[in-house]
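User: Hi! Could you walk me through this one? I'd like to start with how the chains meet.

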Number of protein chains: 2
Amino acid sequence: MPEFRKDPVSDHWVIIAPNRALRPEQFASGHGERLPQRCPFCRGHEADTPAAVAAYDRHGQACDDSAWQVRVIQNKYPALDADERPLTAGPAMYEIGPGFGVHEVIIEAPDHVLSFGTLDESQVELVFLAYRDRLRQLRSNPRIAYGQLFKNSGAAAGASLEHTHSQLIGTPLVPTQIQAELARSGAYFERHRQCVFCAMIEAELADGARIVFDSKAFVAFCPFASQFPYEIWVLPKRHACRFEGAEDGEIRELARATRDILARTEFALDSPAFNFLIHTSPFRLCPVSYFHWHLEFFPRLTKTAGFEWGAGDYINTVSPEDAAGKLRASCRDL
Amino acid sequence: MPEFRKDPVSDHWVIIAPNRALRPEQFASGHGERLPQRCPFCRGHEADTPAAVAAYDRHGQACDDSAWQVRVIQNKYPALDADERPLTAGPAMYEIGPGFGVHEVIIEAPDHVLSFGTLDESQVELVFLAYRDRLRQLRSNPRIAYGQLFKNSGAAAGASLEHTHSQLIGTPLVPTQIQAELARSGAYFERHRQCVFCAMIEAELADGARIVFDSKAFVAFCPFASQFPYEIWVLPKRHACRFEGAEDGEIRELARATRDILARTEFALDSPAFNFLIHTSPFRLCPVSYFHWHLEFFPRLTKTAGFEWGAGDYINTVSPEDAAGKLRASCRDL
């Protein structure tokens, strides 16, 4: 069964999840991915997957398995099990953590659509409404501390199935990166009495060099210290620490912003594999003035290599100013 | 020119290095890597590369370009420039750092050898002697704080040339991951009055489940909280914080240990792409009792995906106990 482990030297938790293992012989070692013949995510193949935990019709309302536009299932190979079980005891010096959680798959279209970018605006809006609804549900589970929403698109981004989908992992611990962002944004607030993300929005709009998209409620820019070429952050202009508190109008505009940056990226960079993820506040943290939910997007153009793993720092060969300029110039007719 | 940047939210530095850019259009987007026709690293092609900064003959002695067994050059597309230049000013809220450093390539064989694993023991020993010598040289540069040695083998591990080689990046700042390891190992020492790595060696040898290789002066094991399937750490049994202080006999045994784990990995996992890197003490830190140099090795079997980037925590689908068992069982005749 899965378990959280931490060693006394590194800074992050590891989820050891043999349940999720493909056999080692099935790992791709540069020979490409093998995709199944029959797609378990297509409408009509619902019996190939675990039962739906939620299904939404074209109005975002709950529906049954026959009329779904967005369907949510438990991951068949979950990184975390719903049930808590005894943990492996290792040497006393190592920290272990509770090996349970939630791992859902959000199937983003009933047809065999390969690219999120080709979904129309109303369908993308349904997907973000589903994210919000699942996060609200997850929040009511008292054993879950955080919900990590993320999308892997393309084999180079870690996807194993091509039918467009995203995932939600609910963890009993607040993840390392979220703890780090909370600590640093909290420290910034202490010093400046302002949310660091609100300050960043102001600074980026004033500077302009890294802006990709700007609308009434959202701004998208290539962060000043982008880890990856063409990395983009999308932030709501209204200060809010929780994604699941977004209003319907904000969800609609977020869908539009995400489609926009994806279209620009696909046009500028020949439809690369990509990931996006949402950073939001842990469930048990009261609303705070110092943290601000946001979406992070990055095409997978380069391979993380020995320097990055060793140093923990990143080499990015495209300046965010050049990246934003290129993205602004692409798809002028959007 | 390159520069270090840090944003107020994330925990790591980014080196923005447009000098190192392949043009964006040349990025591999899942179509495989394009390798040059003529290998600049082969003996006889020395004029295709920057001049050698060091060359070693078969006895590890300095030699000229005609008789080299291991040759060290400046990287033609360095992540950091040798010269310091003025930095880009961004909005005041962002931290920027000195944009200079050292970026060397260690060419590990004069012939067009594709795999480190096929080098004989004496050649691998020469490579590690070259690492030690370059690190000693780098240490004498008062502007350099740390030397990160690393190897990318195979396109999936971030290598762009196939001729076996490794790299050394000297940074004016101590990298984030090294700072984190120093902080955590320092805290462990405060509590337990023992080096955490020495404690780990004891605990792992006593437990046995994760041991891959054990010799007089070195031990190799899959760490309890392995981030990646089949990750292996190689540690000297003698406490020492600096790799460049290793004795000749230790270098010889390290070469043997590294060849051993590589042979086991290649046999067990069908010669995967891999990285290894050496973690050592920053140059300006006096010898310390709490940090212990070591080599980290990991085959690139899986893709880091949205969860890992979002949460900062890792999902590993192969338990280190299973991985070590499989590696111990492979190549019994070594």
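User: How many residues of chain A are in contact with chain B?
Analyst: In this predicted model, 90 residues of chain A are in contact with 91 residues of chain B.

User: And what area do they bury between them?
Analyst: Chain A and chain B bury about 7,800 Å² between them, and 64% of that is on carbon and sulfur atoms.

User: How many salt bridges cross the interface?
Analyst: The rule finds 2 salt bridges between chain A and chain B. One of them joins the side chains of B:Arg5 and A:Glu321, at 3.1 Å from N to O.

User: How many residue pairs are in polar contact?
Analyst: The count between chain A and chain B is 38 residue pairs, with both residues at pLDDT 80 or more. On the side of chain A that touches chain B, the residues divide into 48 nonpolar, 23 polar and 19 charged.

User: Switching topic: what span does helix 2 of chain A reach?
Analyst: Helix 2 covers residues 176-192 of chain A, 17 residues in total. From first C-alpha to last, helix 2 reaches 24 Å, close to the 24 Å expected at 1.5 Å a residue.

User: Which of its residues are buried?
Analyst: The buried ones in helix 2 of chain A are A:Thr176, A:Gln177, A:Ile178, A:Ala180, A:Glu181, A:Leu182, A:Ser185, A:Gly186, A:Tyr188 and A:Phe189.

User: What covers them?
Analyst: From chain A, the cover includes strand 7 (146-153), helix 3 (196-207), strand 12 (274-279) and strand 13 (294-299). Chain B contributes too, with helix 5 (306-311).

User: Nice. And what follows helix 2 of chain A?
Analyst: That would be A:Arg193, which has a positive phi, near 50°.

Terms used. Residues are numbered from 1 along each chain as its sequence is written. Chains are lettered from A and ligands numbered from 1 in the order in which they are written. This is a predicted model: local features need pLDDT of at least 70, side-chain atom pairs count only at pLDDT 80 or more; totals for chains, interfaces and linings use all residues. Side-chain values use heavy atoms; hydrogens and water are left out. Helices (H or I, at least four residues) and strands (E, at least two) are DSSP runs, numbered from the N terminus. The expected span of a helix is 1.5 Å times one less than its number of residues. Buried means under 20% relative accessible area, exposed over 50%, partly exposed in between (1.4 Å probe, protein chains only). Contact means heavy atoms within 4.5 Å. Buried area is the accessible area (1.4 Å probe) that two parts lose on being put together, summed over both. A salt bridge is a side-chain nitrogen of Lys or Arg within 4 Å of a carboxyl oxygen of Asp or Glu. A polar contact is a pair of N or O atoms within 3.5 Å; within protein, one must be able to donate a hydrogen and the other to accept it, and residues adjacent in sequence count only if both atoms are side-chain atoms. Ala, Val, Leu, Ile, Met, Phe, Trp, Tyr, Cys and Pro count as nonpolar, Asp, Glu, Lys and Arg as charged, and the others, Gly among them, as polar.
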